[in-house]
Amino acid sequence: SWTNVEIEKLDYHHYLPLFFDGLCETVHPYEFFARQGVHDMLEHGGPKIQPVIPQLIIPIKNALNTRNRQVICTTLKVLQHLVMSGDMVGEALVPYYRQILPILNIFKNMNSEFQPSDIV
């Protein structure tokens, strides 16, 4: 049964990692619910987000490791929102760069549709 609970009152240590796990989904409506849940929680979380960062690393890494372009792009947008969601959130991600950045380097090399010579 659904109950109306304000987003700010949710247990971020439980629900935010759960929604981040859903970023790997590619089937509608699951991918929509995961994406919307992440963005809604990041929009309203404020200081509750930073303590949850360590729990988000594995779901972020799993989403990037799918090597699915749609999932990677969605995850990158979520990472942008995550960094902008609260004070010191970006800094809290620094210790985890070694786990996240190698996958992004592989994705960067996959993107051969746009060449620097195309810039006019």
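In this predicted model, the largest nonpolar core holds 26 residues, and those that touch the most other members are Leu 16, Phe 20, Ile 53, Leu 56, Ile 60 and Leu 82. Two or more residues of this core come from each of helix 1 (12-21), helix 2 (30-45), helix 3, helix 4, helix 5 (89-93) and helix 6 (97-110). Helix 3 gives the largest share, six residues.

Read from the N terminus, the order is α-α-α-α-α-α. Of the 120 residues in the chain, 32% are buried.

Helix 3 covers residues 53-65 and packs against helix 4, residues 69-84, with the axes 9 Å apart and at an angle of about 155 degrees. Because angles over 145 degrees count as roughly antiparallel, helix 3 is roughly antiparallel to helix 4. The crossing of helix 3 with helix 4 is left-handed. On the helix 3 side, the residues in this contact are Ile 53, Leu 56, Ile 60, Ala 63 and Leu 64, and on the helix 4 side they are Val 71, Ile 72, Thr 75, Leu 79 and Leu 82. Sorted by class, the contact between helix 3 and helix 4 consists of nine nonpolar residues, one polar residue and no charged ones.

Ile 53, Leu 56, Ile 60 and Leu 82 are among the core residues that touch the most other members. For Ile 53, the contacts beyond four places in sequence are Leu 82, Val 89, Ala 92, Leu 93 and Tyr 96.

The next pair is helix 1 and helix 2. Their axes come within 8 Å and cross at roughly 140 degrees. An angle counts as roughly antiparallel when over 145 degrees, so helix 1 and helix 2 are classed as oblique to each other. Their crossing is left-handed. From helix 1, Tyr 12, Tyr 15, Leu 16, Phe 19 and Phe 20 meet Phe 33, Ala 34, Gly 37, Val 38, Met 41, Leu 42, His 44 and Gly 45 of helix 2. This contact of helix 1 with helix 2 has 10 nonpolar residues, three polar residues and no charged ones. Leu 16 and Phe 20 also belong to the core residues that touch the most other members.

Glu 31 lies in helix 2. Its relative accessible area is 16%, and because buried means under 20%, Glu 31 is buried. Beyond four places in sequence, Glu 31 touches Glu 25, Thr 26 and Gln 70.

Thr 74 lies in helix 4. With 17% relative accessibility, Thr 74 also counts as buried. When residues within four places in sequence are set aside, Thr 74 is in contact with Leu 23 and Arg 35. How far apart are Thr 74 and Glu 31 in sequence and in space? They are 43 residues apart along the chain, and their C-alpha atoms are 9.7 Å apart.

Methods:
Residues are numbered from 1 along each chain as its sequence is written. This is a predicted model: local features need pLDDT of at least 70, side-chain atom pairs count only at pLDDT 80 or more; totals for chains, interfaces and linings use all residues. Side-chain values use heavy atoms; hydrogens and water are left out. Axes are lines fitted to C-alpha atoms, for helices over the stretch in contact, and angles run from 0 to 180 degrees between N-to-C directions. Helices (H or I, at least four residues) and strands (E, at least two) are DSSP runs, numbered from the N terminus. Angles under 35 degrees count as roughly parallel, over 145 as roughly antiparallel, 65 to 115 as roughly perpendicular and the rest as oblique. A crossing is left-handed if the near helix is turned anticlockwise from the far one by less than a right angle, and right-handed if clockwise. Contact means heavy atoms within 4.5 Å. Ala, Val, Leu, Ile, Met, Phe, Trp, Tyr, Cys and Pro count as nonpolar, Asp, Glu, Lys and Arg as charged, and the others, Gly among them, as polar. A nonpolar core is a set of buried Ala, Val, Leu, Ile, Met, Phe, Trp, Tyr and Cys residues joined through side-chain atoms within 4.5 Å. Buried means under 20% relative accessible area, exposed over 50%, partly exposed in between (1.4 Å probe, protein chains only).
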